[in-house]
Amino acid sequence: MQTDTFFQMFARQRLFSSRVLSSKNEDVSLLETKERLSKEYLFALMNEISEVAKTFNWKYHKNSRQDVNYPELKEELIDVFKYLLTLVIIWDIKPEEFIEEFYRKSAVVEQRFDSEQGTTSAQG
């Protein structure tokens, strides 16, 4: 994914979130509001994650298996991503900060994995 595309996605979600929060007269500059909204959005996010899970075959005892509905899976994953982005926006994390933290945390996780596996990262 190109960085500019991520910035465009981030800006579009910020605009939409702003419209939603304004329509509800939410003052996201207040810590109490951020915490309350975070809890609400986390519950919504958990619901969306369960929607992703429902796109897979879960009943082990059934002999008939259905193919994963790929368009539905993509749509549910986008819903998850949008709720996650809204949480990032509520806490006023800038896209540059998000990207920087992504790479920092990725390095930590990859190093931990390599250490546990006794391997070296392909990322360098």
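Which residue forms a salt bridge with Glu51, and how far apart are the closest N and O atoms? In this predicted model, the partner of Glu51 is Lys54, and the closest N and O atoms of the two are 3.4 Å apart.

**Salt bridges within a helix**

- Glu51 and Lys54 both belong to helix α2, where a separation of 3 residues corresponds to about one turn of the helix.
- Glu51 has a relative accessibility of 22% and therefore counts as partly exposed, whereas Lys54, at 56%, counts as exposed.
- Glu101 and Arg104 also meet through their side chains in a salt bridge, with an N to O distance of 2.6 Å; both lie in helix α4 (residues 95-117), 3 residues apart, about one turn of the helix.
- Both members of this pair are partly exposed, with relative accessibilities of 37% for Glu101 and 43% for Arg104.

- Arg36 is partly exposed, its relative accessible area being 36%.
- Glu26 and Arg36 are joined with Glu40 in a network of salt bridges.

- Leaving out residues up to four places away in sequence, Glu48 touches Glu76, Asp79, Val80 and Tyr83.
- Glu48 and Ser29 are 19 residues apart in sequence, and their C-alpha atoms are 26 Å apart in space.
- Glu76 is located in helix α3 (residues 70-90), and, with neighbours within four places in sequence left aside, Glu76 is in contact with Glu48, Glu51, Val52 and Thr55.
- Although Glu76 is buried, it has no salt bridge, and the nearest side chain of opposite charge, that of Lys54, is 8.8 Å away.

**The largest pocket**

- The largest pocket has a volume of about 250 Å³, and its lining is made up of 14 residues, of which Phe56, Asn57, Trp58, Ser64 and Gln66 lie nearest its centre.
- Sorted by class, the lining of this pocket comprises 3 nonpolar, 5 polar and 6 charged residues.

Note on methods. Residues numbered from 1 in each chain as written. Predicted model: local features only at pLDDT ≥ 70, side-chain atom pairs only at ≥ 80, totals over all residues. Heavy atoms only, no water. Contact = heavy atoms within 4.5 Å. 1 Å grid on protein atoms, 1.4 Å probe; cavity = no way out; pocket = protein on both sides within 12 Å on 5 of 7 lines; lining within 4 Å. Points joined across faces, edges and corners; volume = space filled by probe spheres on them. Nonpolar A, V, L, I, M, F, W, Y, C, P; charged D, E, K, R; others polar. Helix = DSSP H or I, 4+ residues; strand = E, 2+ residues; numbered from the N terminus. Buried < 20%, exposed > 50% of the residue type's maximum accessible area, 1.4 Å probe, protein only. Lys, Arg positive; Asp, Glu negative; His and termini not counted. Salt bridge = Lys/Arg side-chain N within 4 Å of Asp/Glu carboxyl O.
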